[in-house]
Amino acid sequence: MSNWFQEHFSRRKFLGGTGAVAATALLSESARQAEAAEKEPQVRSGEQTIKLKVNGKVHEVKVEPRTTLLDVLRYQLDLTGAKPVSIDGSSGASTVIVDGKPVTASTTLALAVEGKAIQTVESLAGKKLDPVPQCFVEHDAEQCGFCTPGFVVAVRAYLDKNPNATEEMIRNNLNGNICRCGTYVNVLQAAVAVVKGGGNG
Ligand code: FES
């Protein structure tokens with residue numbers, strides 16, 4: 001081996017150089033993996049305790065990933081206003097408000113609403129009855145009553161966003177709620193009465 005080669009290409013320099021390259025590659029690979037792990041949705045399994053904010057109060061509840069919001073409301077918090085009429089939510093009877101939007105609690109997973117503001121029909125019956133249920137009473141907008149909490153919440157959520165809604169707008173918006181007793185006309189009258197300022201007496 002020539003002196004020049006020994007001087008410029010020693011074993012130590014060679015190993016040092018390849019070691020640095022390998023270390024850099026390893027570091028960038030682990031950084032890439034950490035970034036990918038951050039982007040992946042977190043898998044949560046088994047029973048766990050979470051906090052749900054319902055009607056302004058924070059509750060600790062035990063849920064599994066498959067537990068619906070409706071099950072938590074009815075069987076852990078004893079809020080039975082939302083009704084288990086249809087597991088696919090097609091009846092609208094389990095309607096509650098989550099962060100200002102109406103959703104069916106039967107099709108909403110409890111884990112999905114952790115940290116959100118959940119409002120049930122019970123919140124409309126404080127010391128003073130909310131104008132929506134009040135107008136439902138005044139306009140006889142229920143028979144068996146099974147669909148009524150869902151209708152009341154759906155009307156409340158819609159009028160919160162559209163306080164001057166017309167009868168047609170309300171009718172179109174309530175198409176996600178079904179009444180087997182056929183109280184639609186009275187429900188509509190009740191909702192229109194709220195827009196006109198009824199239910200505050
Ligand atoms: S009042 Fe009976 S289902 Fe609507």
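Visitor: Which side chains meet in a salt bridge at 2.9 Å, N to O?

Guide: The side chains of Asp 130 and Arg 156 do, at 2.9 Å from N to O. A salt bridge here is a side-chain nitrogen of Lys or Arg within 4 Å of a carboxyl oxygen of Asp or Glu. The pair ties together parts that are 26 residues apart in sequence, because Asp 130 lies in the loop between β5 (117–119) and α4 and Arg 156 in helix α5. Helices (H or I, at least four residues) and strands (E, at least two) are DSSP runs, numbered from the N terminus.

Visitor: What kind of model is this, and how are residues numbered?

Guide: This is a predicted model, in which local features need pLDDT of at least 70 and side-chain atom pairs count only at pLDDT 80 or more, while totals for chains, interfaces and linings use all residues. Residues are numbered from 1 along each chain as its sequence is written, and side-chain values use heavy atoms, with hydrogens and water left out.

Visitor: Asp 130: buried or exposed?

Guide: Asp 130 counts as buried, at 14% relative accessibility. Arg 156 also counts as buried, at 11%. Buried means under 20% relative accessible area, exposed over 50%, and partly exposed in between (1.4 Å probe, protein chains only).

Visitor: Which other residue meets Arg 156 in a salt bridge?

Guide: Asp 160 does, at 3.1 Å from N to O. Both residues lie in helix α5, 4 residues apart, about one turn of the helix. Asp 160 is partly exposed, with a relative accessible area of 47%. Salt bridges that share partners join Asp 130, Arg 156 and Asp 160 into one network.

Visitor: How many salt bridges are there in the whole structure?

Guide: A search finds 4. One of them joins the side chains of Glu 64 and Arg 66, at 2.8 Å from N to O. Glu 64 counts as partly exposed at 29% relative accessibility, and Arg 66 as exposed at 65%.

Visitor: Turning to α7, how many residues does it have?

Guide: Helix α7 (residues 184–195) has 12 residues. From first C-alpha to last it reaches 17 Å, close to the 16 Å expected, where the expected span is 1.5 Å times one less than the number of residues.

Visitor: Which of its residues are buried, and what covers them?

Guide: In α7, Val 187, Leu 188, Ala 190, Ala 191, Val 192, Ala 193 and Val 194 are buried. Their cover includes α4 (131–138), α5 (148–161) and α6 (167–173), with contact meaning heavy atoms within 4.5 Å.

Visitor: What comes just after α7?

Guide: Gly 197 follows there, with a positive phi of about 95 degrees.
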